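Here's a quick briefing to read with the model open beside you.

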Amino acid sequence: MFGSTRLSRALGLLLISLYLVQYFVPSSTSYLALVPGRTLPCVWNLVTAGFLTTNVFKLIVEVAAVLLLVRLVEPLYGSREFLKFMFVLDFSICFMVFAGVYLVFAITSSGTLLYTEFTGFHGILAALLVAIKQVMPDHELKLLGPLKITVKYVPLLCITLASLLLVYLQQLSQLPFLLLGSYNAWVYLRFFQQQPDTQLYGDPSDDFRFSGFFPPLLAPLIDGVGAVCGTVTRLRHSSEARLVVMKPLIPVNTPSMLGSDVADANRRRERGAKALEERLGLKKLQDLGDLEAPHT
């Protein structure tokens with residue numbers, strides 16, 4: 001189906017199943033959605049809320065999007081890493097909304113948000129757009145006629161349009177999932193995702209800087225703010241990781257995202273990882289030789 005993978009079809013089936021459950025058993029929404037005031041003891045809603053959709057039109061869009069987007073990312077990450085990515089993003093989004101609501105309650109003493117239902121797969125879709133920016137940042141997409149957009153700007157465009165739509169529809173409770181989904185995905189991929197067959201973590205490439213999501217005019221300002229945030233949070237790449245100049249996983253002019261092109265991309269990453277390990281090994285031997293030289 002549209003070249004979709006088994007995992008993307010399984011995710012689509014999960015979205016449809018949860019929708020049908022809440023449709024035929026309306027009371028189940030209180031247990032499947034994230035309702036911070038009921039999360040204890042219903043802790044499972046920290047996972048289920050991110051996959052629950054209560055609007056049929058939104059469901060159709062989300063199922064179509066997951067069939068399209070997952071097939072671009074999963075073959076490159078691998079099924080296990082992709083599932084890990086999905087779970088980390090889903091749980092982190094829901095937990096941060098849960099914690100944020102209680103923080104607002106502690107400051108304002110208003111319990112309105114405690115029993116607001118937070119749901120939606122749009123947070124994970126936003127995360128997938130960030131992942132696609134990582135693997136194919138320089139690809140161009142045709143919009144209408146001669147209009148084109150580079151993939152690296154697609155997350156900002158989609159999130160901005162979706163945010164404006166949610167504000168217009170007065171569905172502000174949907175915004176936290178959308179914004180946290182995109183930001184948490186960048187943090188995970190930038191600093192915590194393990195590179196295949198290495199002990200290195202994150203993507204230190206310039207293409208994947210936070211300022212890379214925005215027009216170049218704003219880059220100096222955002223980089224300055226990012227430097228301060230990096231100092232405060234102490235999020236840094238290791239010196240070994242910075243030795244690797246990471247490239248897009250898909251060449252710019254690649255006609256297809258799957259098949260042999262994926263295998264070639266993976267082989268390039270493996271060769272780069274082995275070259276790095278050999279370089280580090282030679283450096284260690286040289287350092288040992290320098291230490292032993294005075295004694296010979």
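Start with helix H5 (residues 79-108) and helix H8 (residues 175-192): their axes come within 9 Å and cross at roughly 130 degrees. Bear in mind that this is a predicted model.

**H5 against H8**
- H5 passes H8 in a right-handed crossing.
- On the H5 side, the contact is made by Glu81, Lys84, Phe85, Val88, Leu89, Ser92, Ile93, Cys94, Met96 and Val97.
- H8 brings Pro176, Phe177, Leu180, Gly181, Asn184, Ala185, Tyr188 and Leu189 to the contact.
- Sorted by class, that contact of H5 with H8 holds 13 nonpolar, three polar and two charged residues.

**H5 against H6**
- H5 also packs with helix H6 (residues 122-135), at an angle of about 130 degrees and with the axes 10 Å apart.
- H5 and H6 are therefore oblique to each other, and H5 passes H6 in a right-handed crossing.
- From H5, the residues involved are Phe82, Phe85, Met86, Leu89, Asp90 and Ile93.
- They meet Gly123, Ile124, Ala127, Leu128 and Ala131 in H6.
- The contact of H5 with H6 splits into nine nonpolar residues, one polar and one charged.

**The whole protein**
- The protein has 11 helices and two strands.
- If you walk along the sequence, the pattern reads α-α-α-α-α-α-β-β-α-α-α-α-α.
- Of the 296 residues in the protein, 42% are buried.
- Take the contacts between residues at least 6 apart in sequence: 71% of them join residues at least 24 apart.

**A closer look at Cys94**
- Cys94 is found in helix H5, and is one of the residues H5 uses in its contact with H8.
- Is Cys94 buried or exposed? Cys94 is buried, because its relative accessible area is 0% and anything under 20% counts as buried.
- Setting aside neighbours within four places in sequence, Cys94 is in contact with Leu34, Asn45, Leu46, Ala49, Gly50 and Phe177.
- Phe177 in that list belongs to the H8 side of the helix contact described above.
- Thr48 sits 46 residues from Cys94 along the chain, and their C-alpha atoms are separated by 9.2 Å.

Notes:
Residues are numbered from 1 along each chain as its sequence is written. This is a predicted model: local features need pLDDT of at least 70, side-chain atom pairs count only at pLDDT 80 or more; totals for chains, interfaces and linings use all residues. Side-chain values use heavy atoms; hydrogens and water are left out. Axes are lines fitted to C-alpha atoms, for helices over the stretch in contact, and angles run from 0 to 180 degrees between N-to-C directions. Helices (H or I, at least four residues) and strands (E, at least two) are DSSP runs, numbered from the N terminus. A crossing is left-handed if the near helix is turned anticlockwise from the far one by less than a right angle, and right-handed if clockwise. Contact means heavy atoms within 4.5 Å. Ala, Val, Leu, Ile, Met, Phe, Trp, Tyr, Cys and Pro count as nonpolar, Asp, Glu, Lys and Arg as charged, and the others, Gly among them, as polar. Angles under 35 degrees count as roughly parallel, over 145 as roughly antiparallel, 65 to 115 as roughly perpendicular and the rest as oblique. Buried means under 20% relative accessible area, exposed over 50%, partly exposed in between (1.4 Å probe, protein chains only).
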